[in-house]
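Here is a short report for a first look at this structure. Keep the model open while you read.

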Protein chains: 2
Amino acid sequence: MTIKPVTAPVIALDVMGGDAGLADVMAAAEIASERYPRLTFRLHGPELRIRNELARCPRLAATAVVVHTDDVVLGTDKPSQALRRSRTSSMGMAIQAVKDGEAHAAVSAGNTGALMAMALFALRTMPGIDRPALAALLPTLKNDSVVLDLGANTECDTENLVQFAVMGAAFARTVLGLERPRVALLNIGEEELKGTDELKEAAALLRGANLPMVFEGFVEGDKIGQGNVDVIVTDGFSGNIALKTVEGTGKLVSGLLTEAFKTSWLTRLGYLLSRSALRALRAHLDPNAHNGAVFLGLNGIVVKSHGSANVRGIANAIGVAHDLIADSVGERISQDLANFRAHRPAAVAADAK
Amino acid sequence: MTIKPVTAPVIALDVMGGDAGLADVMAAAEIASERYPRLTFRLHGPELRIRNELARCPRLAATAVVVHTDDVVLGTDKPSQALRRSRTSSMGMAIQAVKDGEAHAAVSAGNTGALMAMALFALRTMPGIDRPALAALLPTLKNDSVVLDLGANTECDTENLVQFAVMGAAFARTVLGLERPRVALLNIGEEELKGTDELKEAAALLRGANLPMVFEGFVEGDKIGQGNVDVIVTDGFSGNIALKTVEGTGKLVSGLLTEAFKTSWLTRLGYLLSRSALRALRAHLDPNAHNGAVFLGLNGIVVKSHGSANVRGIANAIGVAHDLIADSVGERISQDLANFRAHRPAAVAADAK
């Protein structure tokens, strides 16, 4: 089976999600329109405000379809509340557009739980995938790494972990442009005997699998920032803890660094002289540069932009959606899964469902 | 029940553990002898080499008891292999000294898995404690925080988590000198509905408990570095992932920082001017300043010094052991547990065993 490239990608954009507000979301879409001239948008939200902003977004205005709604999913809405507004809210309608074949991907900066629930309900999981996973990019000393799952599934079995590995590798091939990404399972030790039974079984299956990846076994949390693996696979609980811990430690170190530079006029001068390099460091670690978490494993692409992302960050999230469409990531995952099942290592096949 | 202070603490020291080597371990004990004049040592290891070093450690030499053994637990030994040498190895004999009442605490920088297995086997868990936990201090923007469990228990039930909270709070009262430490459970969200059933039940129990702590509910991983809570409770899998992720992110940022300062002669000069402050920052984050992980919940105190700790780090780990002895941490935990059981919140009591 050869995978046909998508030549005219369409993104359904929820213009109401996130802290940035409608004007910033549309400014981001304008930037993305410039970067990807074939990309077109469906803009879901209040028509009058969208039309006003379109005056400032000539590229977007040239092709965008506006789909009016006043209904918005709030950050405080529970997933169950949001689900009731699947057909009326800007977020729900963006997902619905993917389901109805009117768009290839939905992008929203809104409530993660609501987006996840709506996306799963409307799009359902792909054949061969039991549960979708939330994947994102993390900065490292080398290239970015993909980490998944980041909180969609608090408890995972062997099959889930194997499926996450397949999906994460496909994501890394597309977004990081790697032919055979190095994939590892996050664990509390690197020896084969460490960790839960699910992890050990998943490792055994991946070790024997014939997939377009290099399986590197287990990695510990201290390897997350090193960039020696491209895809780090874990259950949603540990993945969420790890991701947030990276954020917290980053804030800790930068907080202490700011204090350190303030201690004397000499260190203040030192800061002024080093400013350009420190700015580059900050840019390297800036979450906006790595924005765009993806729900993998659904019948359709759904990208979550971080709630606090700025215009550039949202444009990057749209870029991730564009790349996933252009590279037909869903078909790649299907192909890899079919291939994995056909050549599933015999030793563990009996135990697994 | 009033708790009697221990006036002449004795530490059984495994002089053979860790990367530092016998001379550094003994130099650390010499520093600790100076800091705590009432503290005495039993030194477990090869007598001749110990006697040679004692010539350089006058305070230690004045009171130390040397217990000869040539047998050493290696870093590569599996716990099961180590257990067979419980009575012959320097690590095993140090633990045995605690069991036999010849020392109040054992300190080793050796193989963590072996130390954990031997300590559990020889000392057994305290009444009311189902499983011991490994606790350590982490640097934050404010004071250090206690985090537990750090890898002793990969899966934990409600009771384990509650017991960890009680033990962690007692540890924080002793080592951080807090009267009512703020305690929180690590989770993937701060809302009451988030997380596993075990976490929700543990939160309900702790919320209703009358313990010398302030229960703060759930915290996410990004709060670990903030210092807004004093004790962070989690299962050993997530705790290990979080701890290692802190390490990894710290390395990532300091690696990028080093690169940043090297970009031009201007930034190099900036580095030179800021050096003193950056050194203070490094000292704040230095694992040696926070050295000394503790196995809580055993009938005896066992402190693990980090394998790569230097002399100062090992001396700090010995200091942690000293403080735990002096403060009778075991009796405090027993008292809190008895008190907790007597006033156990009725609502959840029925479900729990």
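## A strand in chain B

The bridge partner of Ile11(B) in β4(B) is Ala105(B). Strands here are DSSP E runs of at least two residues, helices are H or I runs of at least four, and both are numbered from the N terminus. The model is predicted: local features need pLDDT of at least 70, side-chain atom pairs count only at pLDDT 80 or more, and totals for chains, interfaces and linings use all residues. Residues are numbered from 1 along each chain as its sequence is written, while chains are lettered from A and ligands numbered from 1 in the order in which they are written.

Strand β1 of chain B covers residues 10–14 and pairs with β4(B) in the parallel sense over 3 bridges. Two strands count as paired if DSSP finds at least two bridges between them. β4(B) also pairs with strand β11 (residues 301–304) of chain B, again in the parallel sense, over 4 bridges. There, Ala106(B) stands opposite Val302(B) in β11(B).

## Two faces of β4

In a regular strand the side chains alternate between the two faces of the sheet. Strand β4 of chain B spans residues 105–108. Ala105(B) and Val107(B) point one way, and Ala106(B) and Ser108(B) point the other way. All of them are buried. Buried means 20 or more other C-beta atoms within 10 Å of a residue's own, exposed means 12 or fewer, and partly exposed lies in between, with C-beta atoms placed from the backbone.

## A helix pair in chain A

Helix α9 (residues 236–261) and helix α10 (residues 265–285) of chain A have axes that come within 11 Å and cross at roughly 165°. Axes are lines fitted to C-alpha atoms, for helices over the stretch in contact, and angles run from 0 to 180 degrees between N-to-C directions. α9(A) and α10(A) are therefore roughly antiparallel to each other, a label for angles over 145 degrees.

Which residues meet? Gly250(A), Ala260(A) and Phe261(A) in α9(A) meet Thr267(A), Arg268(A), Gly270(A), Tyr271(A) and Leu285(A) in α10(A). By class, this contact of α9(A) with α10(A) has 4 nonpolar, 3 polar and 1 charged residues. Ala, Val, Leu, Ile, Met, Phe, Trp, Tyr, Cys and Pro count as nonpolar, Asp, Glu, Lys and Arg as charged, and the others, Gly among them, as polar.

## Where the chains touch

In chain A, 48 residues are in contact with 48 residues of chain B. Contact means that the C-beta atoms of two residues, placed from the backbone, lie within 7 Å. On the side of chain A that touches chain B, the elements giving two or more residues are α9 and α10 of chain A. The largest share of that side, 20 residues, comes from α9(A). By class, that side of chain A has 22 nonpolar, 20 polar and 6 charged residues.

## Backbone features in loops

The peptide bond from Leu148(A) to Asp149(A) is cis, with omega near 0°. Asp149(A) sits in the loop between β6 (145–148) and α7 (158–175) of chain A. In chain B, the bond from Leu148(B) to Asp149(B) is cis, with omega near -5°.

Arg124(A) is not a glycine, yet has a positive phi of about 60°. Its loop runs between α6 (112–123) and β5 (133–138) of chain A. Arg124(A) is partly exposed, with 15 other C-beta atoms within 10 Å.

How values were computed. Parallel < 35°, antiparallel > 145°, perpendicular 65-115°, else oblique.
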